[in-house]
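Colleague: I'm new to this one. Can you walk me through it?
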Amino acid sequence: MTTSSKSGTTPAYKVTQLTFSYRSHRDRSRSSEPEWSLKGLTCDVGAGEIFGIVGPNGSGKTSLLKLLAKVLRPQTGKVELFGRELEGMRQDAVARTVALVPQDGQQIFPFTITETVLMGRFPHQQRRGSLGGFGWEGPEDLRLARQAMEETDVAHLAHRLISDVSGGERQRAVIARALTQQPKVLLLDEPTAFLDLNHQLEICAILRRLNEQQGLTVVLSSHDLNLVSQHCDRILLLKDGTVFRLGTVEEVIQPDVLETVYRCEVLVDRHPVSGLPRVTLPSRPAISMVHRIER
Amino acid sequence: MGILGGQRRFEGSGEGALPHGDVGTRVAAAEGTPRAEQSVLTSRRWVTTMLTLAGASLLVMIASLRFGTEEIGFVDSARILFGALRYGETGIDSLGPSSVILLQVRLPRVLLGFMVGSCLAAVGVGLQALLRNPLADPYVLGISSGAALGAAVAMLVGFGKTVLALSAISFCAFLGGLSSLIVVYRIALSYGHLPIHTLLLAGVILNAIFSALIMFITSTMNPNRSFGMMSWLMGTLAAPDYPALIVLTVYLFVGGLILFMQTRALNILTLGEESARSLGVEVERVKKTVFFTSALLSGAVVSVSGLIGFVGMVIPHAVRMMIGPDHRLLLPASALVGGIFLLAADTAARTLLAPAEIPVGVITALAGGPFFIYLLMSRKGGLAR
Amino acid sequence: MKRRQQGILTGMPFMANLAPRTFVDDLDRKIYLAKAPIRIVSLAPSITEVLYAIGSSEELVGVTQYCDYPPEARLKPKVGYTHPNLESIMALQPDLVLAPREFLRADFLGKLEQLKIPAFILDAKTIEDVLSHIQTLGRMLGRSASADGLAAQMRQRITEIKTRTATLPHPRLLYVLNSEPLITVGPGSFIHQLIVLAGGTNIARRARSAYPRLNMEEVLKEDPELIVFPVGLVEGIPESEQQVWQRWTTLSAVKRGRFFRISSDLVNRPGPRIVEGLEIFARIIHPEAFEDKIKP
């Protein structure tokens with residue numbers, strides 16, 4: 001099992017013994033052990049890697065991504081971003097390096113797509129520090145936003161309200177927003193969940209291109225094992241908040257590994273063109289054998 | 001509503017693509033087209049809008065000076081005002097009766113009314129953003145009912161000392177508001193974070209408790225005196241003296257400025273706290289700043305003028321419908337519109353049934369309510385359109 | 001009870017001859033009392049004062065918590081004021097409940113009727129009403145002699161005041177019922193009548209309601225020569241209020257320092273002491289006409 005990335009360069013992320021739980025007010029009594037989303041997780045993500053995170057629901061994928069973006073704070077453990085400890089970094093400093101594309105957002109205020117995408121420039125404007133965060137978007141900001149919207153094919157929706165477009169269009173707008181942050185690391189939580197096939201391909205193409213041309217590190221979580229298989233350099237397979245397997249696609253996408261974690265039978269063959277592992281669910285007669293696999 | 005340079009927000013109708021243009025381009029809205037190209041907020045649009053509203057504010061103030069128990073024409077008003085400024089004659093003795101009325105009663109009241117309306121609207125904007133709730137108003141956090149309770153206790157006990165240019169009732173009201181602020185904060189604070197749903201709940205509960213206490217005081221007070229107390233609670237804009245007015249102006253202005261500095265972060269905050277954090281917003285700091293500033297501002301306003309409803313909840317909505325949700329413009333614009341609105345309402349309140357006065361909260365609700373319904377119906381519904 | 005209605009009892013014209021035991025109250029309700037009640041509950045301080053004044057204090061078995069005059073009244077059992085406690089009243093087994101119209105809860109009367117407790121409602125709108133109430137109560141309780149005597153005495157004092165002030169000018173007076181916000185008394189209120197009777201001019205005489213909120217501009221325009229503050233249980237208010245009024249140096253009252261206090265009980269209660277309130281007003285408004293009387 002390979003735990004470390006390409007040697008030599010500072011890894012984008014070095015995660016050490018990360019432990020996290022969503023605290024609720026019930027925990028104030030301290031009588032019961034809180035439910036841990038992540039337990040002692042250790043891994044790293046290489047600079048310029050496309051890194052996939054997979055695992056069943058509740059395995060901690062979303063929590064991990066949020067922790068990597070400093071949206072959540074861990075109970076114990078350490079996250080280092082290009083060698084700097086996340087804990088000591090200011091929020092806007094993190095945001096200039098890391099952009100997070102969350103699963104779904106709700107917006108009740110009538111902002112347009114353009115305004116939403118431009119919000120990605122906030123961390124950079126903070127640094128320019130006009131009056132502690134007040135100021136206007138400059139031509140550079142507008143250009144970057146425009147470019148990002150064209151990349152993700154939402155430019156034609158520039159003046160539509162973000163609450164007024166379809167889920168897929170909204171998702172693409174949020175990706176454009178993340179791109180506008182000009183991050184070095186892009187974190188995506190189920191980025192293709194609402195997208196039609198053509199847009200799924202487009203997004204993956206964008207990510208690959210940015211990865212190849214600019215060395216953008218991409219970390220994405222997905223239920224779509226094939227997506228992850230086709231595009232990721234390495235994969236982290238989570239189970240119950242811990243690392244079940246971390247390694248290359250070949251090492252992780254294996255039937256017995258997947259069957260243990262997902263508790264169902266899977267078929268793994270090869271993609272006819274790329275030759276990379278391809279996961280398929282069994283046809284109907286085989287499903288009755290699911291009951292055999294109990295853990 | 002084709003005002004403010006033709007920038008309006010409309011519901012997207014979903015067919016076809018708009019012509020590609022520079023994101024910063026402004027296209028004037030053709031009459032009747034269901035969709036107008038909306039530009040990102042530029043400094044130019046900000047300045048234009050604010051200047052227009054400032055001009056309107058000035059006009060309304062000047063007009064309000066005219067009306068009252070006697071009409072003081074514009075020429076006379078100008079003469080009195082310039083005379084006062086030039087010769088420094090603001091002392092009462094040296095002026096004729098109209099001058100006294102204008103300078104000592106009407107002008108301070110006009111200024112106070114504008115400031116109270118401004119402040120209520122600005123706080124409304126801040127709280128609607130903070131709580132991500134379109135029903136939020138300055139009274140939702142329970143600070144105002146704490147202030148009202150402080151006032152009620154002062155009236156019950158007959159506490160009569162003036163403190164720091166504030167009347168006894170105002171002073172006790174402010175203390176009540178402060179106490180309420182501390183209680184709400186302590187209840188809501190959790191591991192150094194300020195969860196907004198807890199904040200909202202704490203506010204609602206405190207409102208209920210304090211209202212009950214006020215009702216209790218009303219019921220046990222001698223009925224001859226409780227009338228006065230109920231009248232105070234209904235909202236009252238009495239002519240302050242200039243020292244008090246100056247203190248209040250500085251206080252409200254500083255608070256307003258602090259709120260204004262948060263507006264860009266407030267925009268991002270509307271995405272949700274986690275997304276805002278991922279975009280670099282220090283969410284807890286912004287929340288606490290907005291909370292404390294809003295509470296201190298609304299507490300002060302209630303201490304001075306009782307509970308004037310409607311302005312803080314509805315003006316932000318109306319202004320947002322007209323100029324968009326970008327808080328960098330929404331906040332100051334709502335402040336000016338709120339000031340104009342309350343000033344107009346107060347002018348009506350003190351002239352319609354002269355020499356008697358109607359409580360200004362009655363006018364704000366009766367005038368604003370139907371207008372807002374009209375706005376809602378012409379836009380076919382709520383916040384996100 | 002309105003005098004003119006004595007002979008006009010609906011459906012019972014012959015009752016005019018039996019009038020002495022049937023009374024009509026201010027809500028036009030008829031009440032028949034076979035004999036003078038001996039257990040009376042009073043639901044207003046004014047009514048309590050009347051009962052004491054006409055000599056019916058023995059029959060008084062229940063009072064409100066605000067009934068403080070004469071001081072002995074405080075010793076009587078309390079039943080509440082705006083929210084009277086029905087059980088307390090029932091426990092006292094009254095054969096008559098005397099209640100004021102204002103401040104009384106709407107459904108309360110219905111409950112009393114349900115429990116078959118005779119209730120008589122008094123609603124004094126004018127000073128004349130107060131006098132006729134005293135006389136009616138006298139008749140109801142078999143104390144006509146002292147009641148009529150009291151009423152006559154009161155009338156005489158009122159007439160004296162009217163005579164003395166008839167030819168004098170009527171100075172402008174502002175009665176500050178409440179300071180924040182400024183509320184005064186207008187036509188329709190008791191105090192307004194007292195001011196007029198005492199020979200003064202209420203600056204709010206043109207208001208359309210009994211307790212209008214007044215704009216300061218109006219005060220400045222009307223320029224009162226006297227400012228009167230009510231004093232109740234809480235003595236401290238007028239001192240600091242006078243402070244506040246010092247600001248308005250154009251007012252005649254401020255220039256001459258003519259601020260006065262009056263006990264609110266004397267002017268708010270439509271009872272026997274209303275004449276004292278009137279006399280105090282008269283002394284305030286026309287001190288020169290009443291120098292021979294003792295100042296408070």
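Modeller: A term to begin with: a residue is buried if 20 or more other C-beta atoms, placed from the backbone, lie within 10 Å of its own, exposed if 12 or fewer, and partly exposed in between. This is a predicted model, where local features need pLDDT of at least 70 and side-chain atom pairs count only at pLDDT 80 or more, while totals for chains, interfaces and linings use all residues. Residues are numbered from 1 along each chain as its sequence is written, and chains are lettered from A and ligands numbered from 1 in the order in which they are written.

Colleague: Which residues of H2(C) are buried?
Modeller: They are C:Pro45, C:Ser46, C:Ile47, C:Thr48, C:Glu49, C:Val50, C:Leu51 and C:Ala53. That is eight of the nine residues in helix H2 (residues 45-53) of chain C. Helices (H or I, at least four residues) and strands (E, at least two) are DSSP runs, numbered from the N terminus.

Colleague: And what do the buried residues of H2(C) pack against?
Modeller: Strands S3 (40-42), S4 (60-62), S5 (96-100) and S6 (119-122), plus helices H5 (127-140) and H6 (144-166), of chain C. Just after H2(C), C:Gly55 has a positive phi of about 95 degrees.

Colleague: What does the domain assignment of chain C give?
Modeller: Domain 1 (13-123) and domain 2 (168-290), with bounds from an automatic or database domain assignment. Their C-alpha centres are 32 Å apart. Six residues from each of these domains of chain C take part in the contact between them; two residues are in contact if their C-beta atoms, placed from the backbone, lie within 7 Å.

Colleague: How many residues of chain C are in contact with chain B?
Modeller: 36 residues of chain C, against 35 residues of chain B. H8(C) gives the most to the chain C side, with five residues.

Colleague: Switching to chain A: how many helices and strands?
Modeller: Chain A has 11 helices and 12 strands. Of its 295 residues, 44% are buried.

Colleague: In what order do the four strands of the open sheet in chain A come?
Modeller: S2-S1-S4-S5, with antiparallel pairing. Two strands pair if DSSP finds at least two bridges between them. The edge strands, S2 (38-45) and S5 (84-85) of chain A, each pair on one side only. S4 (residues 76-81) of chain A pairs with S5(A) over two bridges, and A:Glu80 stands opposite A:Glu85 in S5(A).
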